[in-house]
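Hi,

Here is the structure I promised to pass on. Please have a look, and then read my notes below.

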Amino acid sequence: MSARRPRPTPRSSRHFAVVGAGIAGLACARTLHQAGHRVTVFEADTQPGGRLATEDSPFGSFDAGAQYFTVRDARFTQALEAASPGLARRWSANAVRVLDEHGRVVEAALSTRESHWVAVPHMQALPQRWAEPLVAAGALHLGTAVTRLSPDALDARRWQLHTQGVGDEHPVHAGFDAVLLAVPAARARGLLAASGLSGAVEGLAKVEVAPCWTLMLAFPNAAQPGLGGLGPQWNAARSTHHRVAWLARESSKPGRERIDRWTVQASADWSREHQGDDGQRVTAKLLKAFAEVTGIHAQPSWTQAVLWRQAQTLQPLGRPFVWDADRSLGLCGDWCLGHRVEDAFVSGLELALSVV
Ligand SMILES: Cc1cc2nc3c(=O)[nH]c(=O)nc-3n(C[C@H](O)[C@H](O)[C@H](O)COP(=O)(O)OP(=O)(O)OC[C@H]3O[C@@H](n4cnc5c(N)ncnc54)[C@H](O)[C@@H]3O)c2cc1C
C-alpha cells in the first residue's frame, strides 16, 4: 500500500473524493465542482460545518466552535460575496480586550485592529449555505465516516474508500481518481495509518492541535443586553485567567436572539489537563472562573459543556496544503497554515486550484 501507484490516465474531468465537510473541505469541493469535475464529499457528522458549529438551546443559539472569522484574503471576500451574499456581518465586539483573572483590563481595544465577522443567524449557516450546490448535485454524503483508503478493487490506479455509515453499514465507495482529506490533523494521521500510509506526509507528525473545553450559559432572567444586562458592558474578551481564554456575549452578535447568553472557552493548558473530566465538573469550574472574570454571580438557567479534542492549532504544517501527485492524494485544513477559519478556507481553495 505504501508503494507508489501509477497515475490514472489524465482526463479533463476527474472524480475527486473529498473527506470532511468543514470549511476547508467545502471550499475545496466547491472549487472542483465549479471547474467541472465530479466530486463526492464524505462527512462523518450529520451536518456540514465541522468546527463552524451551532448549539441550539431553548434560549437561542450558541456558536459552539469558531466565534468569528477574519477576512484578510481577497479570495475569501470574493467567496463570501459570491457563495453567501449578506450572510457575513460585522460583529461589534465592543472593543475586545484582555482581562486578568479578576476581570481587570490588562490590554484594551484589540478589535480596533480588524473587523470580526460572523454568519447570521449563526455560524453554521455559512457552511450550510456553501454546501447547497453539493447537496443539489447529490455530492454530499452526511453521516458517513471514512475509515480507510485502499486501491480500487477493479482498477488499482484509482482509490476506494471504506466507510462507516449509520448503524452497521460499511459501504465501500470506489472509482476515485484522487482522494483529498480535509479532516483535522490527528484524524488524517489515523486515516493514513489505517491505510498503510503512515509517514506518507512529511511534517504531519509534528502538527500540534490543542483541545478546548467550551461552556455555554443562558441567563433568560437578565435584562436585555445594552439595556443594563448582567455584568460587564463589553461583549467579548480574552483572559489571562488560568482556566479561561475567551468569553463572548453571544446575544451581542448580529441576527441572534437577544436573551443574555455567554460562551466561555477554556485555555489550551486547562483543557488538556481536564480532557478526562465529565461535563458537570467542568461546568462547575468554568462557571466559577466566569464569575471571577465577569462579576456575574447569577446561576444560569441553561448550561452546556462541549469538549473539542482538536480545536486550535499550536504548531501548523507550515505549507498551505499537501498534494502527492504520485499517489493522487491531497490534504488540507486549517492546521496546514494556522488556527483560523480563514486558514481552512485558503488551504482548501489552494489544494483545489493545484489539482484542477
Ligand atoms: C472552540 C473553538 C473556537 C474557535 N474560534 C475561532 C475563532 O474565533 N475564529 C477563527 O477563525 N477560528 C476559530 N476556531 C477554529 C476554526 O473553527 C477552524 O480553524 C476551522 O473551522 C477548521 O475548518 P476545517 O475545515 O479545517 O476543519 P473542521 O471544521 O474540523 O472540519 C473537518 C470535518 O471533517 C469531518 N471528519 C473528520 N473525520 C472524518 C472522517 N473520517 N470521515 C468523514 N468526515 C470526517 C469532521 O466531522 C468535520 O466536519 C475555533 C475552533 C474551536 C474548536
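The shell around the ligand draws at least two residues from each of helix 1 (23-34), strand 10 (145-151), helix 4 (185-194), strand 14 (208-219), strand 18 (302-315) and helix 8 (341-355). Helices here are DSSP runs of H or I with at least four residues, strands are E runs of at least two, and both are numbered from the N terminus. Please keep in mind that this is a predicted model, in which local features need pLDDT of at least 70 and side-chain atom pairs count only at pLDDT 80 or more, while totals for chains, interfaces and linings use all residues. Residues are numbered from 1 along each chain as its sequence is written.

Around the ligand there are 39 residues, and G20, G22, G50, R51 and R340 come nearest; a residue is near a molecule if its C-beta atom, placed from the backbone, lies within 6 Å of it. By class, the shell has 21 nonpolar, eleven polar and seven charged residues. In that count, Ala, Val, Leu, Ile, Met, Phe, Trp, Tyr, Cys and Pro are nonpolar, Asp, Glu, Lys and Arg are charged, and the others, Gly among them, are polar. The ligand lies between domain 1 (1-59 + 123-207 + 316-356) and domain 2 (89-120 + 209-313), because both give residues to its shell. The domain bounds come from an automatic or database domain assignment.

The largest nonpolar core has 102 residues, of which A17, V18, C28, V179, L180, F290 and F345 touch the most other members. Domain 1 and domain 2 each supply at least three residues to this core. Such a core is a set of buried Ala, Val, Leu, Ile, Met, Phe, Trp, Tyr and Cys residues joined through C-beta atoms within 7 Å. Buried means 20 or more other C-beta atoms within 10 Å of a residue's own, exposed means 12 or fewer, and partly exposed is in between, with C-beta atoms placed from the backbone.

Leaving aside neighbours within four places in sequence, A17 is in contact (C-beta atoms, placed from the backbone, within 7 Å) with T40, F42, W159, L161, F176, V179 and L180. A174, 157 residues away from A17 in sequence, is 9.5 Å from A17 in space, C-alpha to C-alpha. A174 sits in strand 12 (residues 172-176) and counts as partly exposed because it has 17 C-beta neighbours inside 10 Å.

For the whole chain, there are eight helices and 20 strands, and buried residues make up 47% of the 356 residues.

Best wishes

Notes. Contact = placed C-beta atoms within 7 Å.
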